[in-house]
Structure formats: C-alpha cells, structure tokens
Amino acid sequence: MPNKTHVTATINGEEMEFLCEPRQSLLEVLRETLGLMGAKEGCNNGNCGACNVILDGALVNSCLVLAVEIQGRNITTIEGIASPNGLHALQQKFIEHAALQCGFCTPGFIVASKALLDNNPDPSEQEVRAWLAGNLCRCTGYDRIVKAVLDAADS
Amino acid sequence: MQSFDYVSPKSADEVVALLAGKNGDARILSGGTDLLVQLREGRRQAKLVIDIKNIPELTQITFDSKNGLRIGAAASCHEICSDPNVIKYYPGLVDGIHLIGGVQIQSRASVGGNLCNASPAADSIPALIVHEAVCNITGPKGKRSIPVESFCVAPGRNAMQSGEFLTSVTVPAPQENFGASYLRFIPRNEMDIAVVGAGASVILDADRKRFVAVRISLGAVAPTPLLASPAGDFLSGKSVTHQNVKEAALRAQAIAKPITDLRGTAEHRKHLVAVLVERALDKAIERAGGKYAE
C-alpha cells in the first residue's frame, strides 16, 4: 500500500484537507473522501464530461486529474455553483427549459456552462454547442440544454 | 487504477535523475489525458509517475521574431491556442492543436503528450511537420533534437531512448510569404479522431505567384504521421495554379498507405487524402497572401 499524501486545496471557496493515494483521481476523492457526490463518474476516461469541475478557472474532467495534483489549487464543483440565496441562473434555466431527463449528466453540463459564461458572457448558439461538445447527454438531444444556457446568458 | 508513487520535480535535471533511477518503470505525466486512461486500463504500467507541470521551462511558451516559437512540452493546448504570438504567426498550428478533444481536454492535454503518444492520427503532428518543428529531448547523455517527422516510429512509439524525455518543441520564425494550414475529416462536427488529416505549408516568391518551398504532411494514412516530401517538392519553383495543386494532391495520395479500420476504409482514406491536401494547400496559399493564376 503506497503512502498516502496530504493535500490542501480550496474547494468551493473553503480550504479543505484530505489524504489520498497518488493513483486516486480527483473525482474519486471528491466523491468518496470529501462526500461531494455531485460530480458523476460516467465514462471515467475523459469522453463524457459528467465529472467536470473548474480547476483554477479551467474546465477539466476530474477523472483525468490526480488528486495529488491539486495541492494549493482552487476547485469549483457543482456544489459550489448555487449561492446561499438560491440557484444559479443556469440551474434555474435548466429547470425552466426542462433541460434534463435522467439528470446524470446535468452537474457536468452546469459546471461546463458556468465555465463558458465566466469566459464568454454572451455566447452564440454555435459557441455554446462547440463548448459543450465534451459533455454527453443521452436523454435530451441537447436542444433544451443549449436553449437553457443561452437563456441564462441573457438573464 | 494500479498503484504508483507520484513526484513533482522542479527541474529537468531532477527528471533525468528520477528516470535513470527507475529503469523504465517511470512515466512522465503532463496533462494526463492519455496517460491516466492508459494506466487505468492497464495498457501502460508505472511504478513512478513524474509530473512535469511544475517545471517552468516545460510549461512556458516563448516567441521572438528571430528564433521563433518554443513550446514547453507540458504547455496545455488551451495555453498554446490562446497565446497571442501563436495566433498571429502560427495559425496553421492552431488549426491542428485546437482539434485535440473538447474544452476539458484542451485545458489539460499538451502538444508534448500528443507527440509522445505517437498516434498515427494525432492532430498536432502533421501541423508541426509542415512548420518544420523540432522535438528537443533531454536524457542521461545530454540534449538532442529530432525533426518532428522523425519523432514517431510506430503507432504509440516514439524515437526516444530509455531515460530520455521531451522538454520542448521549437518552431522556426515565420518567413516572408509563408502560410500553413491543417485540416482533417471526421464524420461528425466535434470530438472525434481523424479519419485522415492533412497539413500544408508554402513559401511563395516575392510576387506570391510561384512556390519557393512546400511541405505536405499526412495523418492517419500510415503507421506514423508522414512528411509527403515528393508531393511538396513537386511544387517547388512551379506557378500557383489549380492544376499544380491538384497534381501535388495526387502525388500525396500516391504516398498514403492507409488501412481499413472502424473509422474508414482504405479506399475512402485514399480519396480523402487528395481532397484534404488540395484544401490544405488552398488555405496555406491564402494565408501566404498568394493568388492563383487563371
């Protein structure tokens, strides 16, 4: 059993510490060590986007980041998107547009869309579609998701 | 995933020492978008993973008009494609690099990793080949450099010896009347692996009506990305005409040796080579400010 490494990182604005093995992904530690179950394990190989988190401002697949790599870094997960006052506009618009069915991919889509709007507050439909190409949804056919993101950008 | 130790050294010399100490059981971690998948699936083994992203010289992108561009091996695709000098002087590189995965992959994946993984279909490699890029390697015997077109030796295998690692890719300074481009065919809009990729670069004469030098590269039609020298050399000294460009595309087609697999048949790939090379040349000529003679 390899030695566990002590890691300190800022997660959703709060400094957190954990122990992990070098082989553990950030996704695994978020879910199994820190109890942040919002990021989902879909493909576990970087294709589906269900595990998306924002790492120092960059959208990443947390299944393809080792937890030991985040020492001193800043992470936003789906749990950090809403404010204490209520849902984020993206979350509200996903509900209004029924931009989800089973919901498994939704945390990834919301986090990815948040990273888009942080980077480009007024995206075109084409920009939304291109940005979300790394997130897979088997239910919605994407149209409702794209409409929800465009509506959130407008609001 | 298999167990391994993790280390994040602060200098290239430390990496050399760590690789030497592990005798082939160490793996270099850059963005992890290939390595972590390979380790998880058991396709590669590692007792030590060496994260090179905390070594400044391996993540920096520097440019000057005399020496050209230097891309640290661990610089992410996103950092490269948003670098103002890369955008201004090397749009043909952006063509290839921005195609590697979606936003999430671009944040992490590096061109160094794309090279080291040596996929025949890697999108950055044909673009680097037509720019005459060079791979800079450090190892126990010191430093050496290999032209990008000689770096990949077989699917998934590169020219580095045990104990060596890629530190940077350098690209010559842009010349007058130079233009380059890369494009690929995939059966969908995003997030796929090239069925065929084609790169082209041209240097035109002062009137921009004649080719001085041309490089054409091909991806996914051979065990490694190819520099199609006879096709590019054919155009040297010739006029910028559609007929000459079509002839060069046919010569590139003759060099392609594709296989049939789940992404496409050999016949379809052969057809695509001629189409894509012609389009890649068109774009390179346009970027060089060239005009076709009627």
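Guide: Happy to. Let's start with helix α5 of chain A, residues 143-154: at 1.5 Å a residue, its 12 residues should span 16 Å, and its end C-alpha atoms are 17 Å apart, which agrees. The expected span here is 1.5 Å times one less than the number of residues. Helices (H or I, at least four residues) and strands (E, at least two) are DSSP runs, numbered from the N terminus.

A word on what you're looking at: this is a predicted model, where local features need pLDDT of at least 70 and side-chain atom pairs count only at pLDDT 80 or more, while totals for chains, interfaces and linings use all residues. Residues are numbered from 1 along each chain as its sequence is written, and chains are lettered from A and ligands numbered from 1 in the order in which they are written.

Back to α5(A). Its buried residues include A:I145, A:V146, A:A148, A:V149, A:A152 and A:A153. Buried is a count: 20 or more other C-beta atoms within 10 Å of a residue's own, with exposed at 12 or fewer, partly exposed in between, and C-beta atoms placed from the backbone. Looking down the axis of α5(A), the buried residues fall within an arc of 160°, so they line one face of the helix. That arc is taken over the directions from the helix axis to the C-beta atoms. An α-helix has 3.6 residues a turn, so residues three or four places apart point the same way. On the other side of α5(A), A:D143 and A:D154 are exposed.

What lies over the buried residues? The cover includes α2 (89-96), α3 (106-119) and α4 (125-131) of chain A. Contact means C-beta atoms, placed from the backbone, within 7 Å.

Now zoom out to chain A. There are five helices and five strands in chain A, and along the sequence the pattern reads β-β-α-β-β-β-α-α-α-α. Of the 155 residues of chain A, 49% count as buried. Among contacts in chain A with a separation of 6 or more, 57% come from residues 24 or more positions apart. With 155 residues, a compact globule would have a radius of gyration near 15 Å, and chain A has 16 Å, which agrees; the radius is taken over C-alpha atoms, and the globule rule is 2.2 Å times the number of residues to the power 0.38. Along the principal axes, the C-alpha atoms of chain A fill a box of roughly 50 × 30 × 25 Å.

Chain A also touches chain B, in a contact that takes 22 residues from chain A and 23 residues from chain B. On the chain B side, β1 (5-7), α2 (35-40), β3 (48-51) and α7 (103-106) each supply at least two residues. The residues on that side divide into nine nonpolar, nine polar and five charged; Ala, Val, Leu, Ile, Met, Phe, Trp, Tyr, Cys and Pro count as nonpolar, Asp, Glu, Lys and Arg as charged, and the others, Gly among them, as polar.

While you're in chain B, have a look at its open sheet: four strands in the order β11-β12-β13-β14, with antiparallel pairing. Strands pair if DSSP finds at least two bridges between them. At the edges sit β11 (178-185) and β14 (226-227) of chain B, each pairing on one side only. Inside that order, β12 (residues 196-204) and β13 (residues 211-219) of chain B share eight bridges, with B:A198 opposite B:L218 in β13(B).

Methods: Two residues are in contact if their C-beta atoms, placed from the backbone, lie within 7 Å.
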